[in-house]
Structure formats: C-alpha cells, structure tokens
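Please keep the sequence and the structure in view while going through the numbered points.

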Amino acid sequence: DVDVDVAFADDKAWFTGLLAYLEQTKGETVIRARTFGEARQHIENPRDLDVAIVDLSWWGDYTLPQGASHRHNQGLQLLVAAANANRSTVPIISLSQNFKEDFELMSTVLERGALPVPKNYERPELGYRALYAAVQYLTRNRRRSRSKVELFVSHAHEDRDLAQRLVTAIALGL
C-alpha cells in the first residue's frame with residue numbers, strides 16, 4: 001500500500017526539482033499544461049514551441065474520469081493527436097516511469113513519433129539531465145534565442161486522494 005503523504009512529498013519534490021532545473025539552472029521557458037485537455041490543445045496548436053514533453057500517465061488530472069483506463073498511459077492519446085494533427089513538426093519527448101515495468105511501451109512511443117525518456121526517481125538529478133540532453137538534441141537545429149519547453153506533467157501514484165492533493169498543490173503553485 002502507498003503511504004499517501006510520502007508519495008505526495010516525493011512526487012512534488014521530483015516535479016519541483018525538474019522545473020527548477022529547467023527554468024533556473026538551464027534558463028528555459030517552460031509552458032505548463034495542467035490538464036489533459038489543455039495539453040491536447042497545445043499539441044494540436046503548438047504555436048512557436050521548440051519541443052513538447054508529454055508525461056504518459058495523468059493520475060493527477062482532476063478533469064479526467066476516475067480509473068486506470070482513463071489515466072494510465074493516457075498521454076499516448078496525445079501522441080496520436082500529434083501524429084494526426086495538421087501542424088508544424090514539433091519534436092516530442094515522452095516522459096514516464098512506466099518504461100521500467102512495460103518494456104514494449106518504449107517501442108509504442110517511438111512508433112508514435114516521440115522519444116521515450118524514463119523518469120528517474122532514484123537519482124533525480126540524473127533524470128533531469130537526461131531529459132534536458134534529449135531537449136538539447138531534438139532542438140539543436142530549431143533553437144531560437146530562448147527555447148520554449150512544453151511540459152505536460154500531471155503525475156501521481158494510483159491513489160485518488162494523492163492525485164487530488166497533487167493537482168491542488170500544483171494549481172495553487174505550492
């Protein structure tokens with residue numbers, strides 16, 4: 001069983017650390033999407049983005065129906081939207097902790113045109129650096145004066161209370 005308080009603190013620390021690394025350490029502009037619908041709009045209308053980062057699971061999204069079928073690896077639907085949309089080609093990184101458990105998931109993500117990057121909770125700094133290296137590689141020919149990184153992250157463990165607390169904390173900017 002998941003200790004909600006510990007899981008919440010761990011997820012919040014990881015996410016806060018990632019944002020601090022991208023924005024403060026690397027000086028990137030991060031455009032956040034806090035709901036799946038908002039993420040879909042950004043993917044279908046990427047404006048002047050250099051790269052999109054799509055988290056696969058959306059456990060923390062209060063707008064989605066409850067249950068694994070609506071949240072687990074839901075980000076794959078965003079990759080389908082990206083492939084089908086009439087839009088400029090924006091590279092997509094697919095971020096997930098689910099690659100550890102489902103090895104075929106990497107192939108699925110690649111087939112949908114995104115680069116899979118596993119989350120690394122054990123060594124967060126390594127995970128942040130790996131993600132940023134992928135951003136740099138995919139944007140090496142697209143860079144403007146300041147990169148814009150589209151970050152779609154709404155992650156939490158499979159726990160309704162945790163998901164609601166995480167979304168509330170992020171929405172309040174905590």
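1. Two strands are said to pair if DSSP finds at least two bridges between them. Helices (H or I, at least four residues) and strands (E, at least two) are themselves DSSP runs, numbered from the N terminus. An example of pairing is Ile53, which stands opposite Ile93 in E3.

2. On the basis of the model: it is predicted, so that local features need pLDDT of at least 70 and side-chain atom pairs count only at pLDDT 80 or more, while totals for chains, interfaces and linings use all residues. Residues are numbered from 1 along each chain as its sequence is written, and side-chain values use heavy atoms, with hydrogens and water left out.

3. On confidence: pLDDT is the predictor's confidence in each residue, from 0 to 100. The protein averages 77, and 71% of the residues score at least 70. Confidence is highest in H5, at 94, and lowest in strand E5 (residues 148–152), at a mean of 57. Over residues 154–158 pLDDT stays under 50, and for this stretch the model has 28 contacts beyond four places in sequence; contact means heavy atoms within 4.5 Å. Where pLDDT is low, the predicted coordinates should not be read in detail.

4. On the overall make-up: the protein has 7 helices and 5 strands. Their order from the N terminus is α-β-α-β-α-α-β-α-β-α-β-α. Of the 174 residues, 47% are buried, where buried means under 20% relative accessible area, exposed over 50%, and partly exposed in between (1.4 Å probe, protein chains only). Among contacts between residues at least 6 apart in sequence, 69% join residues at least 24 apart.

5. On strand E3 (residues 92–96): why is this strand described as largely enclosed by the rest of the structure? The reason is that 5 of its 5 residues are buried. Ile92, Ser94 and Ser96 point one way from E3, whereas Ile93 and Leu95 point the other way.

6. On the neighbours of E3: which strands are joined to E3 by bridges? Strand E2 (residues 51–55) runs parallel to E3 and is joined to it by 4 bridges; here Asp55 stands opposite Leu95. Strand E4 (residues 114–118) also runs parallel to E3, with 5 bridges between them, and Ile92 stands opposite Ala114 in E4. From E3 the chain passes through helix H5 (residues 104–111) to E4 in a right-handed β-α-β crossover. Right-handed means that, with the strands pointing away from the viewer, the path from the first strand over the helix to the second runs clockwise.

7. On strand E2: 5 of its 5 residues are buried, and the strand is mostly covered. Val51, Ile53 and Asp55 point one way, and Ala52 and Val54 the other. Asp55, which lies in E2, counts as buried because its relative accessibility is 2%. The side chain of Asp55 makes a polar contact with the side chain of Lys119, at 2.9 Å. A polar contact is a pair of N or O atoms within 3.5 Å; within protein, one must be able to donate a hydrogen and the other to accept it, and residues adjacent in sequence count only if both atoms are side-chain atoms.

8. On helix H2 (residues 36–44): Phe36, Ala39, His42 and Ile43 are buried in this helix. These residues cover an arc of only 120° around the axis, which puts them on the same side of H2; the arc is that of the directions from the helix axis to the C-beta atoms.

9. The side chain of Thr35 reaches the backbone nitrogen of Glu38 at 3.1 Å. Leaving aside neighbours within four places in sequence, Thr35 is in contact with Trp58, Asp61, Tyr62 and Thr63. Asp61 lies in the loop between E2 and helix H3 (68–71) and is buried, at 0% relative accessible area.

10. Not counting residues up to four places away in sequence, Tyr21 touches Lys26, Glu125, Tyr128, Arg129 and Tyr132. Tyr21 and Tyr128 are 107 residues apart in sequence, yet 7.0 Å apart in space, C-alpha to C-alpha.
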